[in-house]
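Dear colleague,

Please find below the structure that I am handing over to you, together with its sequence. My findings follow directly after it.

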Amino acid sequence: MDNIIGILGGMGPAATVDAMNKMIMNTDAAKDQEHIPIIAFSIPDIPDRSACILNHEPSPLSKLIQYTRLIENAGAKCLIIPCNTAHYWFDELKSATKMEMISIIDTTLSVLIRNQIKKVGLLATDATVSSQLYSKKLLDNKITCILPTVEEQMDVMKSIYAYKAGNIELAKELIEGVNDSLLSKGVEKIIMGCTEIPLILSEKINLNPGKYIDTTEELVKSAIRWYQDKSIKPI
């Protein structure tokens, strides 16, 4: 089977399942055999990305490279990573594999540019915010990025970790006020720059879908386009 897409997941497991589900839901298929071949890897022993970037705790890079190579050896030709913070090591991973790789950051940015969005809010981990994975590229493209206040950002992180721990209601309670605060500042879109956030804010998104950029979904759509382009048979 050609053009298999690999998913380097486990960061966290629920976000990996969400990416797989979105791959299925965004694929135009009438039967099993028309779906996209995927190798999904969800071994969650990868060290905490935020703890490494912010507190110099153990780096996840060696595990990320190890699992990237396992996915490649299993036959994947293109790799996606449904974890925004892990894209801090995107260039190192890209140099360690022959697979094509699609960036969740660049994919999201291209959507904003294509839709001429000029002011966004960002909900993401402390590490994604502090390392400017989004902010720098947004600024380079003259897109204003509104961040939560220091206190609000603390609630964002507590919400993400609460969701990872299975405390769904607390996760919602913690982040909904931050979400509403960003919307009140006139942002055109909120970038959900952590792959747990679309799961936490699912009810808010259903009520007002036009206000959100689901980075997982945009990454998946980009991967589907890659597969479709590669699968076109020459005449």
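In which loop does His-56 lie? In this predicted model, the residue belongs to the loop between α2 (49-55) and α3 (61-73). His-56 is not a glycine, yet its phi is positive, at about 60°. Its relative accessibility is 72%, and because exposed means over 50%, His-56 counts as exposed.

Backbone features elsewhere

Lys-142 also deserves mention: a positive phi of about 60° is found here, although Lys-142 is not a glycine. The loop that holds Lys-142 runs between α7 (135-140) and β6 (144-146). With a relative accessibility of 68%, Lys-142 counts as exposed.

A further point concerns the peptide bond between Met-11 and Gly-12, which is cis, with an omega of about -5°. Gly-12 is located in the loop between β1 (4-8) and α1 (13-25).

Packing of α5 and α12

Two packed helices are described by the angle between their axes and the distance between the axes. For helix α5 (residues 104-114) and helix α12 (residues 215-231), the axes come within 9 Å and cross at roughly 95°. Angles of 65 to 115 degrees count as roughly perpendicular, so α5 is roughly perpendicular to α12. On the α5 side, the contact involves Ile-104, Thr-107, Thr-108 and Val-111. Their counterparts in α12 are Thr-215, Thr-216, Glu-218, Leu-219 and Ser-222. Sorted by class, the contact of α5 with α12 comprises three nonpolar residues, five polar residues and one charged residue.

The chain as a whole

Twelve helices and eight strands make up the secondary structure elements of the chain. The radius of gyration is 17 Å, close to the 18 Å that the globule rule gives for 235 residues, so the chain is as compact as a globular protein of that length. The C-alpha trace spans about 55 × 40 × 35 Å along its principal axes.

As for burial, 51% of the 235 residues count as buried. The chain exposes about 11,400 Å², and carbon and sulfur atoms supply 52% of that area. Among contacts between residues at least 6 apart in sequence, 74% join residues at least 24 apart.

With kind regards

Note on methods
Residues are numbered from 1 along each chain as its sequence is written. This is a predicted model: local features need pLDDT of at least 70, side-chain atom pairs count only at pLDDT 80 or more; totals for chains, interfaces and linings use all residues. Side-chain values use heavy atoms; hydrogens and water are left out. Axes are lines fitted to C-alpha atoms, for helices over the stretch in contact, and angles run from 0 to 180 degrees between N-to-C directions. Helices (H or I, at least four residues) and strands (E, at least two) are DSSP runs, numbered from the N terminus. Angles under 35 degrees count as roughly parallel, over 145 as roughly antiparallel, 65 to 115 as roughly perpendicular and the rest as oblique. Contact means heavy atoms within 4.5 Å. Ala, Val, Leu, Ile, Met, Phe, Trp, Tyr, Cys and Pro count as nonpolar, Asp, Glu, Lys and Arg as charged, and the others, Gly among them, as polar. The radius of gyration is taken over C-alpha atoms; the globule rule is 2.2 Å times the number of residues to the power 0.38. Buried means under 20% relative accessible area, exposed over 50%, partly exposed in between (1.4 Å probe, protein chains only). Accessible areas come from the Shrake-Rupley method with a 1.4 Å probe; for residues, only the protein chains shown count as cover.
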